[in-house]
Amino acid sequence: MIKRCLVAENQKLHGAAVWLAFLIVPIFPAVMGTFNYQQNIALLQSAWYSLWTQHTLFYATFFFAPLVGVYAAYLWRLEHFGHNWNLIMAVPIHPIDLFLAKFLVVFKVTLLTQGWVFLLFFAAGKLVGLPGLPPAEIVVWLLRGTVGSVPVIALQLLLSMRIRSFAVPVLVALGGSVGGLLMNSAGYGLYCPYSLPLLGMNANANSDKLTGETFAFLASVAAFTLLFFALAQFFLTKRDVNAE
Amino acid sequence: MHGIGTALWAELKKAHHRHDLWVILASAGVIIGWVMAVECRHPTPEDLASFYAGLFYTYPLVNSIILPVAMAVLASRLWDVENKCDACKLLFTLQSPTALYTSKLVLGGLEVAAIAGLETLSVPVLGLLCHATQPLDGTQLAWLFFSAFGVSLMLFFLEFALSIGFANQVPALAIGLGGAFIGLFSAFFPAGLSVWLPWSYYNQLMTVGMDWNPTTREIHYYTNPYPVWPWLVLLVACLALGFVGRRLVERKEA
């Protein structure tokens, strides 16, 4: 059943407007981050690492979660139209399969987004004349940020499933990002789902902020993801009477 | 006018069912909470002596990140409710497109004013909570309200036109997110470029500047003259975007 759901969810992305957000939004932090790097080149002396701090400063902090929020909201949008919820509840699939399929598709798009961010980072580095290739550590940080995004994807899907508005979950993601930033500055980043991509991507830091805390990071990712999946399962099975 | 009054009453009822109040409170809450976390955490006597200047500097910066997205959300919700049920055809048998559009704009304007008002109200409240020693400048406070309201209203008009033009709402939200980036960095743009970027006006209307001394790590705030010409741009932009939006609604009828 999950296979059929995946095919259906992937079909929704064919020619979808969500690719516009995918293409455009990461360009802004790349351009602004590179500009900021060039303006402060006297202070930023760690080559690729310094450029990374400027690229991720605002991307990971404020705009990554809302972008994931747009992806998640887009996949639930169709379900909120007309009487589609009645149809979903009547089809012979386990409701959590539908949620899991949407999760896997949003994860795929998020992974592609991170790839696009890396391409922009690499191109910007070459444009400003940085030597060689970016350190492998940065690729690890980018992938770790994608792992950190897993609970954010689950939470945004949960919010978009419950809130029948395309835009509100995106605003929640932005508010959550601000909260995640504040929690992270206070040293409680591992206790806030919106802080996890920021910690994973090692945003605005030259040295690894998660040294010795990788297990705690992964445990936090797993705990939040399980919580949001459990809530999704609860709402889809116990609260389906809310369907129109 | 009777048609617009009835339409506005209907929009208020829709807003009540959409829980718009929560969106207003959440938007203002994120802004105020963030500023509070930055300005009110362990302030020194020196910080308290320039407390309000700090707020008048920080609020427009935070506005430039949060409000473009908040405006996209408000505009998208106002129009998307009609998209969901493909309600335009039915609505236009009961009210004119102009009445529908104008009533939504008026409601949106009231919601924008509510966010700007809550933000402005938070300034003296934060001053009292943190025991600020600097006297509060009433003109600066009024300026904060009008600049937050004026720029946000223009962005609301822009996002509303996008929400009407693109049924799927992704462009409105994506442009809101991109605009937040542009607004944030617009302080570094040349004036000739900034004038064309609607999201840069939070910065352009700022009247408090800051000098940071990296050796002493001290912050010195200073005031700039109140700029007049951006208001003219805001007025022209609102009129133009309002006209575009109305044309888009009228075309929905065809």
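1. In chain A, helix α7 (residues 136-162) and helix α10 (residues 214-238) pack with their axes 8 Å apart and at an angle of about 20°, where axes are lines fitted to C-alpha atoms, for helices over the stretch in contact, and angles run from 0 to 180 degrees between N-to-C directions. That angle makes α7(A) roughly parallel to α10(A) (angles under 35 degrees count as roughly parallel, over 145 as roughly antiparallel, 65 to 115 as roughly perpendicular and the rest as oblique). Helices here are DSSP runs of H or I with at least four residues, numbered from the N terminus.

2. A word on the source: this is a predicted model, in which local features need pLDDT of at least 70 and side-chain atom pairs count only at pLDDT 80 or more, while totals for chains, interfaces and linings use all residues. Residues are numbered from 1 along each chain as its sequence is written, and chains are lettered from A and ligands numbered from 1 in the order in which they are written.

3. The crossing of α7(A) and α10(A) is left-handed, meaning that the near helix is turned anticlockwise from the far one by less than a right angle. Residues of α7(A) including V147(A), P151(A), L155(A) and R162(A) meet residues of α10(A) including V221(A), F224(A), F228(A) and F235(A), contact being counted if C-beta atoms, placed from the backbone, lie within 7 Å. The residues of this contact divide into 14 nonpolar, two polar and one charged (Ala, Val, Leu, Ile, Met, Phe, Trp, Tyr, Cys and Pro count as nonpolar, Asp, Glu, Lys and Arg as charged, and the others, Gly among them, as polar).

4. Between the chains, the contact takes 30 residues from chain A and 29 residues from chain B. On the side of chain B that touches chain A, α2 (20-39), α4 (51-84) and α8 each supply at least two residues, and the residues of that side divide into 21 nonpolar, five polar and three charged.

5. Helix α4 (residues 47-77) of chain A and helix α8 (residues 170-185) of chain B have axes that come within 11 Å and cross at roughly 175°, which makes α4(A) roughly antiparallel to α8(B). Among the residues making the contact are F58(A), F63(A) and Y74(A) of α4(A), together with L173(B), L177(B) and F181(B) of α8(B); the residues of this contact divide into twelve nonpolar, no polar and no charged.

6. Helix α8 (residues 168-185) of chain A packs against α2(B) at an angle of about 15°, with the axes 11 Å apart, and the two helices are therefore roughly parallel to each other. This crossing is left-handed, and its contact residues include G175(A) and L182(A) of α8(A) and S27(B) and W34(B) of α2(B).

7. In helix α6 (residues 97-130) of chain B, a kink of about 30° lies at V123(B), shortly before the proline P124(B), the bend being the angle between axes fitted to the seven residues ending there and the seven starting there. Just after α6(B), H131(B) takes a positive phi of about 60°.

Conventions:
Two residues are in contact if their C-beta atoms, placed from the backbone, lie within 7 Å.
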